[in-house]
Amino acid sequence: MFLNTAFNALSPEQMQKFVENYAERIVDDMDTKCLMQFVYDTIVENLSIQTPEDILEQITSVYDDETVAELIESVTD
């Protein structure tokens, strides 16, 4: 009960810091393989809710047209 009371009494600033501390703890406990899998899953999840046009725009803003062509070829061959 004490934890619930203490948790619910946190200010918005304290809650933000609490979340940041928790996230830091999670990351610290991950090995490189887990971190890479998390990043991969996050990227795929974020892209899956975007329109094809948004995905293309994002890729072309980071990479060149050749990369887009390679990615298209990788799924059409």
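F18 counts as partly exposed because its relative accessibility is 42%. The cut-offs: buried is under 20% relative accessible area, exposed is over 50%, partly exposed is in between, with a 1.4 Å probe and protein chains only.

A word on the source. This is a predicted model, where local features need pLDDT of at least 70, side-chain atom pairs count only at pLDDT 80 or more, and totals for chains, interfaces and linings use all residues. Numbering starts from 1 along each chain as its sequence is written, and side-chain values use heavy atoms, without hydrogens and water.

Now the fold. The protein chain has 5 helices and 0 strands. Helices (H or I, at least four residues) and strands (E, at least two) are DSSP runs, numbered from the N terminus. F18 sits in helix α2, residues 12-28.

How much of the chain is buried? Buried residues are 3% of the 77. The C-alpha atoms fill a box of roughly 60 × 30 × 20 Å along the principal axes.

Next, aromatics. The whole structure holds 1 aromatic pair. That pair is F7 with F18, edge-to-face, at 5.3 Å centre to centre and 70° between the planes. F7 belongs to helix α1 (residues 2-8), F18 to helix α2, and they are 11 residues apart. The rule: rings of Phe, Tyr and Trp (its six-membered ring) pair if their centres lie within 6.5 Å; planes under 30 degrees apart are stacked, over 60 edge-to-face, the rest tilted.

And F7? F7 counts as partly exposed because its relative accessibility is 36%.
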